[in-house]
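Try each task before you read its solution.

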Amino acid sequence: MELPKFILGDNTDYPNAIYVIHTEFPRFIINLEDDELEWFEEFDEDDQKEIESETENAIKEATEFYDREVKRYDD
């Protein structure tokens, strides 16, 4: 099975939270309510520098993905 790059998630225990799951490296979940990130991987110092720009771009893409999905529901 091929996973999509982004998946929307929610949880009734946290009704205001909106989660976007990023399934490609670097894998993470972002809570768009407060921009908190939870990583699926652990990184060493060398990895940290490499993924900084990738992460910034992935967060931007996650937000755009959410906006696009919400717009589709509104249409």
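**Exercise 1. A residue to start with**

Does Phe65 count as buried or exposed, and at what relative accessibility?

Solution. Phe65 counts as buried, at 10% relative accessibility. The cut-offs behind that word are under 20% relative accessible area for buried and over 50% for exposed, with partly exposed in between (1.4 Å probe, protein chains only). Before going on, note that this is a predicted model, in which local features need pLDDT of at least 70 and side-chain atom pairs count only at pLDDT 80 or more, while totals for chains, interfaces and linings use all residues. Residues are numbered from 1 along each chain as its sequence is written, and side-chain values use heavy atoms, leaving out hydrogens and water.

**Exercise 2. The sheet**

Work out the strand order, the edges and the twist of the sheet.

Solution. Strands here are DSSP runs of E with at least two residues, helices are runs of H or I with at least four, and both are numbered from the N terminus. Two strands pair if DSSP finds at least two bridges between them.

- Step 1: the order is β1-β2-β3-β4, an open sheet of 4 strands with antiparallel pairing.
- Step 2: β1 and β4 stand at the edges with a single partner strand each, so one side of each has no neighbour in the sheet.
- Step 3: from one strand to the next, the twist averages 20 degrees.
- Step 4: helix α1 packs on the sheet and touches β1, β2, β3 and β4, its direction making about 60 degrees with that of β1. Contact means heavy atoms within 4.5 Å; axes are lines fitted to C-alpha atoms, for helices over the stretch in contact, and angles run from 0 to 180 degrees between N-to-C directions.

**Exercise 3. The hairpin**

Which residues of β4 are the bridge partners of Ile29 and Ile30?

Solution. Begin with the strands: β3 (residues 28-31) and β4 (residues 36-39) run antiparallel and are joined by 4 bridges. Among the partners, Ile29 has Glu38, and Ile30 has Leu37. Now look at the turn: 4 residues lie between the two strands of this hairpin, and Asp35 there has a positive phi of about 60 degrees. Finish with Asn31, which lies in β3 and is buried at a relative accessible area of 9%. Leaving aside residues up to four places away in sequence, Asn31 touches Ala17, Ile18, Tyr19 and Glu36.

**Exercise 4. Aromatic pairs**

Solution. Rings of Phe, Tyr and Trp (its six-membered ring) pair if their centres lie within 6.5 Å; planes under 30 degrees apart count as stacked, over 60 as edge-to-face and the rest as tilted.

- Step 1: the count comes to 4 aromatic pairs.
- Step 2: Phe6 and Phe65 have ring centres 5.5 Å apart and planes at 25 degrees, so this pair is stacked. Phe6 is in strand β1 and Phe65 in helix α1, so the pair ties together parts 59 residues apart in sequence.
- Step 3: Phe28 and Trp39 are edge-to-face, with 5.5 Å from centre to centre and 70 degrees between the planes. Phe28 is buried at 0% relative accessible area, whereas Trp39 is partly exposed at 29%.
- Step 4: ring pairs link Phe25, Phe28, Trp39 and Phe43 into a cluster.

**Exercise 5. Salt bridges**

Solution. A salt bridge is a side-chain nitrogen of Lys or Arg within 4 Å of a carboxyl oxygen of Asp or Glu, and the structure holds 5. Lys5 pairs with Glu61, their closest N and O atoms being 2.6 Å apart. This links the segment before β1 to helix α1, 56 residues apart. Glu64 and Lys60, with closest N and O atoms 3.3 Å apart, both lie in α1, 4 residues apart, about one turn of the helix.
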